[in-house]
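Try each task before you read its solution.

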Amino acid sequence: MSRIVLSVRDVGKCYPVYSSSAARFARWFGARVAPVSEFWAVRNVSFEVAPGQAVALIGQNGAGKSTLLKLIAGTVRASEGAVMVAGQVSAILELGLGFNPEFTGRANVRLAGGMLGMSSRQIEDRLHEIEDFAEIGEFFDQPLRVYSSGMQARLAFALATAIRPDLLIVDEVLSVGDSYFQHKSFDRIRQFKEEGASILFVSHGMAEVRSICDRVALIDKGRVLRMGEPDAVIDHYNALIAAKENEKLTLEQRRLRDGWLHSRSGTGDAQLASLTLLDAATLAPVKAARTGQRLQLRAEIVCQAALPSLVIGFMLRDRLGHVVWGTNTWHTGQVIRRVAAGTAWTIDLEFPCALGPGSYAFTVALHETDSHLSANYEWQDNALVFDVINADHPQFIGSAWIDAKVSIASADGKRHAAGEVMHE
């Protein structure tokens, strides 16, 4: 059995609430002043992280995610329970944490690097690499107070990942950076994971969570509401957000034979009765689509209650959970208004199969306005799974098929078509 890098056992953090600032101040000096109440930011949290595992903490603002990371990093002391870490830890928790705003970026690297446990020799050996990765140019030798939040994030991440730790902890600090640096940072996180480092991070970017994480913990009101595979927990999280707006909402999940997770949530006021993939020309059912084939997705909708409006949304994902494409009838200007109870609707979505070989799934959402967060009648994640094969086109890689043509011309101006044998 592999060793455990991080073990969290029944951890909790309580903040006492006093009747006044004077009472709190007196307590600091040993006076026996009882708090009027207690606030548990985190309680009864337990989980483990093995080498090479990536775990994300997701949840709404105020759920306790950042407090839990601080408990694990050791910057906040737990009120109960225990946190055990084996190996070196590197944490990026808040912008500017450990930095002096009057020091230059270079001086802050030397200062904060020592606080991270790096020796002076290690810092000097990696100083140029840190400067290159941060890509802040001349600002590296200017005071931190003139940095933007994105520049601070670049410097903090470059320093924290200069040496591969056994456990890398990242809060949402990367969300303030530009998309280029976010992509670059997540590439480094993936590299660390492949090399055996454990990753623990907070993120609202579900695409990154799906692509990087082995497990996800859903935090709500300071407790782990659910922990498991990314697709199951993320769908639960989406349903939880929608449920905040409607107490009638329910959630059902089941694992399909091919590994896809089918999730169904909503009030049930409108329901997806059937979803079928057809050949657009013959209307014959399609199980395995061909690259370039014209397809038609047919959704049969039944309305159980009178609705002010009905919007139908479609989303296409690949096997890794990446969104390939999506839209809804709010954006296409086809909202159905004043829907009577008992009515049924047929929605046809015709599209070219501009996809690479692989497995794909359609998600269907029925809601009132532009998003399912306002009134979620029904959300079926991975409602229809299908395969795509390439039978008619030259071999290519990727999830998207582009109708590209290659043309080659020799020095004498003669052009060579595809499939033609060329000689010098």
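A salt bridge is a side-chain nitrogen of Lys or Arg within 4 Å of a carboxyl oxygen of Asp or Glu. Keep in mind that this model is predicted.

**Exercise 1**

Task: Find which side chain of opposite charge is nearest to Lys-13, and decide whether Lys-13 is buried or exposed.

Solution: 
- Step 1. Locate Lys-13 in strand 1, residues 6-17.
- Step 2. Look for the nearest side chain of opposite charge: Glu-38, 11 Å away.
- Step 3. Apply the 4 Å cut-off. Lys-13 has no salt bridge, yet Lys-13 is buried.
- Step 4. Check the surroundings. Beyond four places in sequence, Lys-13 touches residues including Phe-39, Trp-40, Leu-71 and Arg-77.

**Exercise 2**

Task: State why Trp-379 counts as buried.

Solution: 
- Step 1. Locate Trp-379 in strand 20, residues 376-389.
- Step 2. Recall the cut-off: buried means under 20% relative accessible area.
- Step 3. Trp-379 counts as buried because its relative accessibility is 15%.
- Step 4. List contacts beyond four places in sequence. Among them are Ser-263, Met-315, Val-364 and His-372.

**Exercise 3**

Solution: 
- Step 1. Start with the core, which has 46 residues. Ile-58, Val-109, Leu-155, Phe-201 and Val-209 touch the most other members.
- Step 2. Follow one member. Val-209 touches Ile-58 and Phe-201, and also Pro-230 and Ile-234.
- Step 3. Note a second, separate core of 32 residues, which includes Leu-277 and Phe-314.

Terms used: Residues numbered from 1 in each chain as written. Predicted model: local features only at pLDDT ≥ 70, side-chain atom pairs only at ≥ 80, totals over all residues. Heavy atoms only, no water. Core = buried A, V, L, I, M, F, W, Y, C linked by side-chain atoms within 4.5 Å. Buried < 20%, exposed > 50% of the residue type's maximum accessible area, 1.4 Å probe, protein only. Contact = heavy atoms within 4.5 Å. Helix = DSSP H or I, 4+ residues; strand = E, 2+ residues; numbered from the N terminus. Lys, Arg positive; Asp, Glu negative; His and termini not counted.
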